[in-house]
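Biologist: I am new to this structure and would like to learn how to read its features. Can we take them one at a time?

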Amino acid sequence: MLGTFYLKKRIKEGEQPKPTRYYSNKQEKAVVNAVGGRQTKNSGATLFDKGDVIMSGKNGFLLECKTKTTPSSSISIKKEWFEKNKQECLITGTPHQAVVFNFGPGEENHYIIDEYLFLELLNHLNTLNENI
């Protein structure tokens, strides 16, 4: 019964429910527009194309996108997302990785990076502030 309530809340009268892939694709396109790069084919499920969004180059990123299909105040973060993304970075030769998530359709995206990259970012920002 609870699931029916949320399903009715998510879709308008007479409208068919949209598959999860619809929301994932929408989020991936938003990430591409925000950071550049390109959306991978079939969410990285091909032999050579990995991740959801890839930014190539010396400072490239492999981004794994996660979204909720309904507005939410929480999301479960899974260790396997990071392990898989790190492995795929090795396969693609991409130096950096992040997991991108949001709390539902149209919500702001948040990027999770590891401590090493965070410290690099912090150092860069401190250097910029010193030069002002």
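Biologist: Which residues does Val-31 touch, leaving out those up to four places away in sequence?

Modeller: This is a predicted model. In it, Val-31 touches Gly-36, Val-53, Leu-63, Cys-65, Val-100, Asn-109 and Tyr-111.

Biologist: Which residues make up the largest nonpolar core?

Modeller: A nonpolar core is a set of buried residues of the nonpolar kinds, joined through side-chain atoms within 4.5 Å. Here the largest one has 10 residues: Val-31, Val-32, Val-53, Met-55, Phe-61, Leu-63, Cys-65, Ala-98, Val-100 and Leu-117. At least two residues come from each of α2 (20–35), β2 (53–55), β3 (61–66) and β4 (96–101). The largest share, three residues, is supplied by β3.

Biologist: Which residues of α2 are buried?

Modeller: Tyr-23, Ser-24, Gln-27, Glu-28, Val-31 and Val-32 are buried in α2. This helix has 16 residues and spans 23 Å from first C-alpha to last, close to the expected 22 Å. After α2 comes Gly-36, with a positive phi near 85°.

Biologist: How do I read the sheet, and what is the order of its strands?

Modeller: Strands of a sheet pair through backbone hydrogen bonds, either parallel or antiparallel. In this model five strands form an open sheet with mixed pairing, in the order β1-β2-β3-β4-β5. β1 (38–39) and β5 (110–112) are the edge strands, each pairing on one side only. β2 and β3 run antiparallel and are joined by three bridges; Ile-54 has Leu-62 in β3 as its bridge partner.

Biologist: Which strands does helix α3 lie across?

Modeller: Helix α3 (residues 79–92) lies across β2, β3, β4 and β5, and runs at about 150° to β3.

Notes:
Residues numbered from 1 in each chain as written. Predicted model: local features only at pLDDT ≥ 70, side-chain atom pairs only at ≥ 80, totals over all residues. Heavy atoms only, no water. Buried < 20%, exposed > 50% of the residue type's maximum accessible area, 1.4 Å probe, protein only. Helix = DSSP H or I, 4+ residues; strand = E, 2+ residues; numbered from the N terminus. Contact = heavy atoms within 4.5 Å. Expected span 1.5 Å × (residues − 1). Pairing = 2+ DSSP bridges. Axes fitted to C-alpha atoms, helices over the stretch in contact; angles between N-to-C directions.
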